[in-house]
Amino acid sequence: MSNVLDITPALKTEWTALIQVLEVGHIQENIGREELRHLLFTDCKGTKVLAIIYGYHLPLFKHTFKPYKRYYISNAVIIKVQTQFVISSYKYSWSLNNRTLVQPYPELKPPVLPCHFQFTPFTQLHRHAETDNYQNIRGVVIKCFPSEQLHDGSELSSKRDIIIVNEERILLLLTLWNSFDDNEGYALQKMTTTPPMIFGMRLKVITSNGLSLTTTMGSAIMINPPAAKDLHLDNWYNENEGELEQLLNRKTYNESDLLFPIPQKNDTVPIATAIESLKSQKPVWIKGSLSLLHQHRSFSNTSCANCQKLIEADATYLQNHKYLASSRATVQIDDATGSLSATISTPDLEKFIPFTPEELKYAEDNEKSVHDTIATSVDSVLLFAFVCSQKTCHQQEPSTTYNIVKAYNITPAKKPK
């Protein structure tokens with residue numbers, strides 16, 4: 001039996017390895033529109049190996065690999081991996097084809113996964129918001145929302161929101177898109193007896209719902225993996241089930257204060273520095289004084305009832321979906337080094353203005369101007385703001401917009417006379 005670290009192109013077909021399946025990826029297309037499937041294996045020492053099956057060979061392995069099962073593999077093509085894509089101490093990947101031999105390892109129950117996993121605490125996820133620095137998380141799924149069908153022109157897609165929680169007692173929304181909805185989402189929905197534990201691998205941190213996670217093409221959802229005991233969450237969940245049920249009923253996954261703790265002194269940067277960081281889409285905390293800019297759109301808007309994301313939609317769409325009234329405004333933040341204009345929306349905008357989203361909608365529906373009142377209420381307010389950048393394109397002209405994802409009013413209280 002060959003040691004994985006010893007398997008190189010020089011061995012050609014003179015090797016056999018015993019591996020355990022970590023991930024069975026969904027079929028996707030590469031740049032040349034060729035279908036492929038990624039798999040992730042580990043050997044008994046915890047060395048991870050990326051394997052790929054390309055188009056013509058996909059049917060040969062359609063039902064072969066099951067998560068966490070072990071197999072003997074030989075005769076795969078050994079390929080040198082580019083340095084930036086190396087995932088472990090092993091510098092090669094395997095391409096499986098019609099000459100590759102795969103045999104199941106005879107056992108009733110797969111062993112504990114031998115490899116190391118590294119997970120990001122929920123309270124640290126905001127540091128990676130709206131970047132391509134994807135994160136791994138571990139949690140218990142305590143709520144599965146129904147699957148939704150979405151139309152974007154001729155494109156049809158589906159998504160399913162789930163709520164996860166970990167030992168930090170923080171509830172977090174994770175959106176499963178398309179094949180993740182059809183496969184993992186459907187499987188999770190059927191697990192009604194005991195809430196399943198998942199490892200969410202390579203998830204993107206986004207600023208919907210204040211802060212949430214979403215799958216991308218390269219993500220993976222590992223359901224109830226046979227992990228080491230110190231990674232299990234079943235006993236912890238059983239001991240805290242009542243409290244977690246209360247948190248779920250309160251919809252604390254919508255409370256961004258938990259995921260964006262107020263920054264410490266060293267967490268903020270000057271606005272001039274922030275602008276440079278935001279050019280590379282790195283989110284930042286800034287501190288400054290607030291003012292209202294001229295508004296090119298209504299203060300009133302709508303947002304998704306589940307994820308709180310702002311919805312730019314017509315009345316027909318809103319009739320068929322759950323939504324909430326929300327508000328937004330374009331503001332400017334100033335400090336001694338510069339100025340930054342950004343959009344702030346519900347629920348943070350309401351910390352600075354004397355209107356609820358419903359009151360704003362009523363005022364605008366009845367053509368009552370609220371601009372001056374809002375301008376006065378935000379003028380010179382001191383705040384901490386967590387700002388993200390977003391690249392957009394309008395009429396083929398690229399531009400960058402800034403969004404305040406989280407804000408804290410830190411204006412000193414006025415002393416009584």
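**A walk through a predicted chain**

What you see is a predicted model. The chain has a mean pLDDT of 90, and 93% of its residues reach 70 or more.

Now the overall picture. The secondary structure comes to six helices and 22 strands. Along its principal axes, the C-alpha trace spans about 85 × 45 × 45 Å. Of the 417 residues in the chain, 45% are buried. Consider also the contacts with a separation of 6 or more: residues 24 or more positions apart account for 63% of them.

Let us go back to helix α5, which covers residues 357–365. Which of its residues are buried? They are Pro357, Leu360 and Ala363. These three cover an arc of only 125 degrees around the axis, and therefore they lie on the same side of α5. The general principle is that an α-helix has 3.6 residues a turn, so residues three or four places apart point the same way. On the other side of α5, Tyr362 and Asp365 are exposed.

Helix α5 also leads us to the largest nonpolar core. This core holds 30 residues, and Ile374 and Ile404 touch the most other members. The elements that give two or more residues to it include α5, α3, α6, β20 and β22. The largest share, four residues, comes from β16. What surrounds Ile404? Leaving aside its neighbours within four places in sequence, Ile404 is in contact with several residues, among them Val331, Ile333, Ala342, Ile344 and Phe386.

Strand β20, residues 338–345, also contains Ser339. Is Ser339 buried, partly exposed or exposed? Its relative accessibility is 38%, so Ser339 counts as partly exposed. Beyond its neighbours within four places in sequence, Ser339 is in contact with Ile271, Ile275, Gln332, Ile333 and Asp334. With Asp334 there is a polar contact between the two side chains, at 2.3 Å. By way of contrast, consider Arg202: Ser339 and Arg202 are 137 residues apart in sequence, and their C-alpha atoms are 34 Å apart in space.

My last topic is strand β4, residues 48–54. Five of its seven residues are buried, so the strand is largely enclosed by the rest of the structure. Which strands pair with β4? Strand β3, residues 35–42, is joined to β4 by seven bridges, and the two run antiparallel. Within that pairing, Leu40 has Leu50 as its bridge partner in β4. The hairpin of β3 and β4 has five residues between the strands, and there Gly46 takes a positive phi near 90 degrees. Strand β7, residues 92–96, is joined to β4 by three bridges, and these two run parallel. Here the bridge partner of Ile52 is Ser95 in β7.

Methods:
Residues are numbered from 1 along each chain as its sequence is written. This is a predicted model: local features need pLDDT of at least 70, side-chain atom pairs count only at pLDDT 80 or more; totals for chains, interfaces and linings use all residues. Side-chain values use heavy atoms; hydrogens and water are left out. Buried means under 20% relative accessible area, exposed over 50%, partly exposed in between (1.4 Å probe, protein chains only). Two strands pair if DSSP finds at least two bridges between them. Contact means heavy atoms within 4.5 Å. A polar contact is a pair of N or O atoms within 3.5 Å; within protein, one must be able to donate a hydrogen and the other to accept it, and residues adjacent in sequence count only if both atoms are side-chain atoms. pLDDT is the predictor's confidence in each residue, from 0 to 100. The arc is that of the directions from the helix axis to the C-beta atoms. A nonpolar core is a set of buried Ala, Val, Leu, Ile, Met, Phe, Trp, Tyr and Cys residues joined through side-chain atoms within 4.5 Å.
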